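Subject: Structure for your attention

Dear colleague,

Please find below the structure that I am handing over to you. I would be grateful if you kept it open while reading the notes that follow.

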Amino acid sequence: MDIQAIVESFPYYLQAMGTTLKLAFGGIFFSFLIGLLVGFIRYFRVPILKQLADGYTELSRNTPLLIQLFFIYYGLPKIGIQLSKELCGVIGLSFLGGGYMAESIRGGIEDVPLIQIESGKAIGLSRVQLARYIIFPQGFLRSVSNIGANALFLLKETSVFSAIAIMDLTNVTRDLISMYYLTKEYMLMLVISYVIILVPMGLFISYIERRVRYGVFGD
Amino acid sequence: MYLGISILWDGNNLGRLLLGLWEAIKIAGVSLGFGIILGTFFGVIRTFPSSLIRIIFRIYLEIFRIIPLLVLLYVFYYILPENFNIDLPNQLVSVLVFILWISAEMSEIIRSSLMSVSKHQIESGKALGFNRLQLYQYVYFPQGIKSAIPSMINLVTRVIKTTSLLMMIGVTEVIRVGQQMIEHYAVTISTAPLWIYGFIFMLYFIVCFPLNMAAKFWERRIGG
């Protein structure tokens with residue numbers, strides 16, 4: 001083990017961690033927005049848009065991120081849409097994540113007990129009020145654990161960004177290995193970096209989940 | 001536009017792409033075959049009362065859940081030949097990592113589905129004088145496996161989608177084949193990436209969508 005080399009690689013890994021986190025949070029944020037939007041469209045059964053939303057959800061969930069990124073990064077410039085690789089990464093991640101978030105939100109909404117909806121109707125709430133005061137707030141709370149799982153999944157998926165030359169953790173490792181041939185050392189750093197990012201994130205998400213669970217179900 | 005899409009049936013391109021897809025599906029299939037068997041076995045072991053076994057398998061599961069698969073692929077791809085002097089072909093490295101990953105995920109699917117069998121059923125089995133093996137054979141598996149099927153199908157689609165990462169460690173699967181074609185047409189047909197990557201995108205969809213539908217169908221059947 002070349003400790004010296006490991007210590008010297010710290011700045012590279014820190015920077016790459018920053019890149020990974022920045023792009024991941026961007027992607028997760030937009031995924032969530034897309035998921036909510038699809039949720040609204042589906043709930044209000046907006047004609048045409050609903051079919052489009054359903055089609056989009058299936059497309060994004062049934063294809064790998066890598067090919068989505070390649071299409072955006074290498075394919076789209078050929079019809080004049082030229083974007084930076086970081087932007088492509090965030091768009092790709094949001095495209096993928098939006099479908100997953102939409103499914104989670106749908107699941108949460110379907111889980112809202114019928115009695116809540118019936119009670120809302122009984123006191124004369126309109127369809128919009130029903131959505132605003134009952135279905136979306138309660139449905140959202142019920143989908144929190146799946147949304148958290150999706151966030152973690154998307155964070156892990158950022159490792160694919162290295163395929164479009166973004167200097168994320170995986171790519172920095174590959175670069176360092178090809179320069180100094182210290183495979184063991186840099187691989188160790190790669191694994192540790194991901195553990196440093198993912199373990200606290202996982203713990204944080206399960207903490208939120210527990211809080212929400214306590215709020216909704218009281219246990 | 002005509003020029004662009006015609007790339008797909010130029011020469012033997014379509015056949016080559018499909019062969020690339022077949023390579024990916026072969027790796028997924030072999031890994032799933034071994035992974036599901038091994039994972040089922042692990043899943044059963046994890047329902048045993050020994051806490052030592054539970055902790056060991058929990059650690060194994062968490063490692064394969066936390067670390068992104070691409071990182072695991074790289075670790076095996078770089079470390080095996082250099083530090084253990086094991087020089088395997090890329091496909092074999094992929095299959096090895098996939099089997100370990102699938103078994104970890106599968107063990108969790110099996111464990112949770114076996115644990116979902118109601119206590120009442122288990123107690124009744126015991127009252128009838130079933131031994132442990134009989135309990136698994138006649139009570140746990142017939143009742144638990146139904147709830148495992150949707151998750152298993154989802155695992156299959158995840159594995160198929162994940163084969164896309166294999167090009168990163170030099171396996172000539174469908175995306176790598178597409179890349180080679182794009183390089184070949186770089187000068188003559190500039191829109192090649194759009195059509196070829198678009199086509200591969202649809203190929204994955206055509207393979208994974210029916211599986212996803214099947215999983216949803218099963219879920220509804222169990223639920224309703």
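In chain B, α2(B) and α5(B) pack at an angle of about 40 degrees, with their axes 6 Å apart. Here helices (H or I, at least four residues) and strands (E, at least two) are DSSP runs, numbered from the N terminus. Axes are lines fitted to C-alpha atoms, for helices over the stretch in contact, and angles run from 0 to 180 degrees between N-to-C directions. α2(B) and α5(B) are therefore oblique to each other; angles under 35 degrees count as roughly parallel, over 145 as roughly antiparallel, 65 to 115 as roughly perpendicular and the rest as oblique. The crossing in which α2(B) passes α5(B) is right-handed (a crossing is left-handed if the near helix is turned anticlockwise from the far one by less than a right angle, and right-handed if clockwise). The residues of this contact between α2(B) and α5(B) comprise 16 nonpolar, 9 polar and 2 charged. In that division, Ala, Val, Leu, Ile, Met, Phe, Trp, Tyr, Cys and Pro count as nonpolar, Asp, Glu, Lys and Arg as charged, and the others, Gly among them, as polar.

Please note that this is a predicted model, in which local features need pLDDT of at least 70 and side-chain atom pairs count only at pLDDT 80 or more, while totals for chains, interfaces and linings use all residues. Residues are numbered from 1 along each chain as its sequence is written, and chains are lettered from A and ligands numbered from 1 in the order in which they are written.

On the α2(B) side the contact is made by B:N13, B:R16, B:L17, B:G20, B:L21 and B:A24, and on the α8(B) side by B:V174, B:R176, B:V177, B:G178 and B:M181. Two residues are in contact if their C-beta atoms, placed from the backbone, lie within 7 Å. The residues of the contact of α2(B) with α8(B) divide into 6 nonpolar, 3 polar and 2 charged.

Turning to chain A, its secondary structure comes to 8 helices and 0 strands. The C-alpha atoms of chain A fill a box of roughly 70 × 50 × 20 Å, taken along the principal axes. Of the 219 residues in chain A, 39% are buried. A residue is buried if 20 or more other C-beta atoms lie within 10 Å of its own, exposed if 12 or fewer, and partly exposed in between, with C-beta atoms placed from the backbone. Among contacts in chain A with a separation of 6 or more, 79% join residues 24 or more positions apart.

How do the two chains meet? In total, 30 residues of chain A are in contact with 30 residues of chain B. The elements of chain A that give two or more residues to this side are α2 (49-61), α3 (65-75), α7 (169-180) and α8 (183-217). α8(A) gives the most, with 9 residues. The residues on this side of chain A divide into 18 nonpolar, 7 polar and 5 charged.

Helix α3(A) deserves a separate remark: 10 of its 11 residues are buried, so it is largely enclosed by the rest of the structure. Within the largest nonpolar core, which has 103 residues, A:L66, A:I67, A:L69, B:I102 and B:I200 touch the most other members. Such a core is a set of buried Ala, Val, Leu, Ile, Met, Phe, Trp, Tyr and Cys residues joined through C-beta atoms within 7 Å. Helix α5 (residues 90-115) of chain B gives the most to this core, with 12 residues. Leaving aside neighbours within four places in sequence, B:I200 is in contact with A:I67, B:L17, B:V174, B:I175 and B:G178.

- A:I34 lies in helix α1 (residues 3-43) and counts as buried, with 22 C-beta neighbours inside 10 Å.
- A:K184, in helix α8 of chain A, counts as partly exposed, with 16 C-beta neighbours inside 10 Å.
- A:R45, in the loop between α1 and α2 of chain A, has a positive phi of about 45 degrees although it is not a glycine.

Yours sincerely
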